[in-house]
Amino acid sequence: MSTINWSEEVKHDRRRFLRNAAMSFAAAELVTMGAANAQSNKATEVPAIKPGTNTSFGVLKQINAGLLNIGYAEAGPADGPAVVLLHGWPYDIHSYVDVAPLLASAGYRVIVPYLRGYGTTRFLSSETVRNAQQSAVALDIIALMDALKIQTATVAGFDWGARTADVMATLWPERCKAIVSVSGYLISSPAGNQVPLPPEPASLFWYQYYFATPVGKAGYAKYLDQFNKFIWHQASPKWNFDDATYDRTAASFNNPDHVDIVMHDYRWRLGLADGEQKYDDLEKRLAELSPITVPTITMEGDANGAIHAPSAAYRNRFSGKYEYRLITGGVGHNLPQEAPQAFAQAVVDVDGYAGGQSA
């Protein structure tokens, strides 16, 4: 999952930012208003699908891209407009197992990669720093697009994936036709995470503080499946997933770099682990928290157990064509897997905002 800030200074930081006004009743009213206004111009109606209808992508592909050999699923026509779907922690490509065929049937070329530290994605060199700072992860996806000869794509994600979509749209807007970002504007900085939090919101990020310790790293490695299944329940308290659904994703955590990548991600956010100097200029640009200019739909589930900001709190971070959608019915943090039709529809609609299905 990702990060926010309780204070005005760092309210743009995801987890801390999100904890801020997320629990206020007035914010809930604003969310409802945003949902009421989210009447989309649906040129293409995505058909209904029961979550869990699909369980597999079939044969996965591998490609060298940047620092990685990236494992990814692909669906849809090779000459269709590209859509890149990005997962978060502790999830994997199966978050999109029902979304991908919906988009493929609508004519899109759908790419669903394992992020660094997950599934069949591997570092090409043992010497590469196991770094998960936000600019490095975003560069992985730019490198993947280059390797696949995709100049522009609609980029959609949740959790780490939403943060990555936001980063890509900020640093390389020419590569992003449009984005879908669950929970809004998730760009952060280590400096922005230094304001102490009150006890209640701090307790909601227990795992970040746990990961900051040697025993936390050891505990995550020892109890990996139990830990991540617990996070699934915390983040999506109304999602009645079965063991088979969890196990399909849990297999992706058996990556030799998974623990190191997760630890670095959360320690870097808190300023407890260094980033790499070669990314400093990119991180300085991201720390400015500039508005995202490409067409955007932000989304939220009405039962998201990961603390999140109300839509009004990040509305001014999107200066292009924009829409917010609240997805009701007990939908939690893993929105694309819990509400695949709604997520796929958002991708189709935001593509329409950007000018439709031109290749």
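Modeller: Let's start with a cut-off: a residue counts as buried when its relative accessible area is under 20%, as exposed when that area is over 50%, and as partly exposed in between (1.4 Å probe, protein chains only). This is a predicted model, where local features need pLDDT of at least 70 and side-chain atom pairs count only at pLDDT 80 or more, while totals for chains, interfaces and linings use all residues. Residues are numbered from 1 along each chain as its sequence is written, and side-chain values use heavy atoms, with hydrogens and water left out.

Biologist: Buried or exposed, then: where do Arg269 and Asp265 fall?

Modeller: Both are buried. They also share helix α11 (residues 258-269), sitting four residues apart, about one turn of the helix. Helices here are DSSP runs of H or I with at least four residues, strands are E runs of at least two, and both are numbered from the N terminus.

Biologist: What makes Arg269 and Asp265 a salt bridge?

Modeller: A salt bridge needs a side-chain nitrogen of Lys or Arg within 4 Å of a carboxyl oxygen of Asp or Glu. For Arg269 and Asp265 the N to O distance is 2.6 Å, so the pair qualifies. The structure holds twelve salt bridges.

Biologist: How do you know what to call Arg175, buried or exposed?

Modeller: Its relative accessibility is 8%, so Arg175 counts as buried. Its salt-bridge partner is Asp146, with the closest N and O atoms 2.8 Å apart. Asp146 has 43% relative accessibility and therefore counts as partly exposed.

Biologist: And why do you say that Asp351 and Lys177 tie together parts of the chain?

Modeller: Because Asp351 is in helix α15 (residues 340-353) and Lys177 in strand β7, 174 residues apart in sequence. Their side chains meet in a salt bridge at 2.6 Å, N to O. Asp351 is buried at 2% relative accessible area, and Lys177 is buried too, at 16%.

Biologist: Last one: what is the arrangement of α8 and α9 called, and why?

Modeller: Helix α8 (residues 214-222) and helix α9 (residues 224-235) pack at about 95 degrees, with axes 5 Å apart. Axes are lines fitted to C-alpha atoms, for helices over the stretch in contact, and angles run from 0 to 180 degrees between N-to-C directions. Under 35 degrees is roughly parallel, over 145 roughly antiparallel, 65 to 115 roughly perpendicular, and the rest oblique. So α8 is roughly perpendicular to α9.

Biologist: Which residues make that contact?

Modeller: Tyr220, Ala221 and Lys222 from α8, and Leu224, Phe227 and Asn228 from α9; contact means heavy atoms within 4.5 Å.
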